[in-house]
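Me: I would like to learn how to read a structure that I have not seen before. Could you take me through it one feature at a time?

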Amino acid sequence: MKHLLSAADLSHEQALKILDTAEAMAMTQSRQVKKLPTLRGKTVVNLFFEDSTRTRISFETAAKRLSADVINFSAKGSSVSKGESLKDTALTLQAMRVDGIVIRHRFSGAAYRLAHAGWSDVPVINAGDGNHQHPTQALLDAMTLRRHYWGARGGELAGRDLKGAKVVIVGDILHSRVARSNVDLMGTLGAQVTLVGPPTLMPVGVEDWNCDFTYDFDTALNTEPDAVMMLRVQNERMSAAGGGFFPSVGEYHRAYGLDRSRFERLPEKTVIMHPGPMNRGMEICAEAADSPQSVVVEQVGNGVNIRMSVLYLLLAPEGGLL
Ligand code: CP
């Protein structure tokens, strides 16, 4: 495998290799000197055509911890704002002889196009394309859940998948690349995923996905899940589509928010996840977001471990993701 474009492209073996390598990377990050020489002499470009805090910073941190040189490119302030195309941007980077490209783009398929259109011959990592895929987010979610799921049962993590874990993903499924990536990866790893959201925010054809779905959050909670993953309501994508997906913030929160009463019903074993950024008071209440059951900050930390693992496996001569 040369690129990481979709969580659906990962075999069970490849997914476990990334997770196990991320655990090995995590062990190096508690040392006083966190930097490894692995990617010395390589240059990684972070090509961000869409806003990001966690993904952009953690890819930069990961590459630097592996001793790569990092170029951060943001569409704002670049020649993209003068109308330069993705193709010409890619050809410009190719001329500068970069070794790997991390791309976030608001259009689904942009990462695939960059990898396969012949504009670039280096590994491409998808950092989120439209509502399509965000594979490293799903990997960091799986890493976080695996620690808690097996941590509660004891024993080694290496080589273990998520067989038997129950994951409930709630909210704006329609616009969510995080939901799609997690359905793919969690399915590969043996977890049972249930999607929850209003009918207007459930994608057409969801009945054919490798998961269950329901419009009733409380019924899904009755299954005593190991994780409840709350999704951000993506107001910017809803406005672009003309709005009208639900009557009001209050009604959305009552039906699909992790409010105080649902939070208090959660079993002790259930971890609360959110990819960020959170809309507090809309999809999640502050009590839940800040509770000891919340692993939101841990997810961000694991983002660095997973991205170190992926950069190492794709870019280091000895990495060999396949
Ligand atoms: N989870 C996530 O992709 O966050 P950012 O948009 O801040 O990168």
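Me: Which pocket does the ligand take up?

Reply: This is a predicted model, in which local features need pLDDT of at least 70 and side-chain atom pairs count only at pLDDT 80 or more, while totals for chains, interfaces and linings use all residues. Residues are numbered from 1 along each chain as its sequence is written, and side-chain values use heavy atoms, with hydrogens and water left out. A pocket is an open set of points on a 1 Å grid over the protein atoms alone, where a 1.4 Å probe fits, with protein on both sides within 12 Å along at least five of seven lines; a molecule sits in one if more than half of its atoms lie within 2 Å of its grid points. Here, the space taken by the ligand is the largest pocket.

Me: Which residues surround the ligand?

Reply: A residue is near a molecule if one of its heavy atoms lies within 4 Å of it, and the ligand is surrounded by S52, T53, R54, T55, R104, H134, Q137, P275 and G276.

Me: Which side chains have an N or O atom 2.6 Å or 2.9 Å from an oxygen atom of the ligand?

Reply: A polar contact is a pair of N or O atoms within 3.5 Å. The side chain of T55 places such an atom 2.6 Å from a ligand oxygen, and that of R104 places one at 2.9 Å.

Me: Why does the ligand lie between domain 1 and domain 2?

Reply: Domain bounds come from an automatic or database domain assignment. The ligand lies between domain 1 (3-134 + 301-315) and domain 2 (135-296) because both give residues to the shell around it.

Methods: Polar contact = N/O pair within 3.5 Å; in protein donor to acceptor, adjacent residues only side chain to side chain. 1 Å grid on protein atoms, 1.4 Å probe; cavity = no way out; pocket = protein on both sides within 12 Å on 5 of 7 lines; lining within 4 Å.
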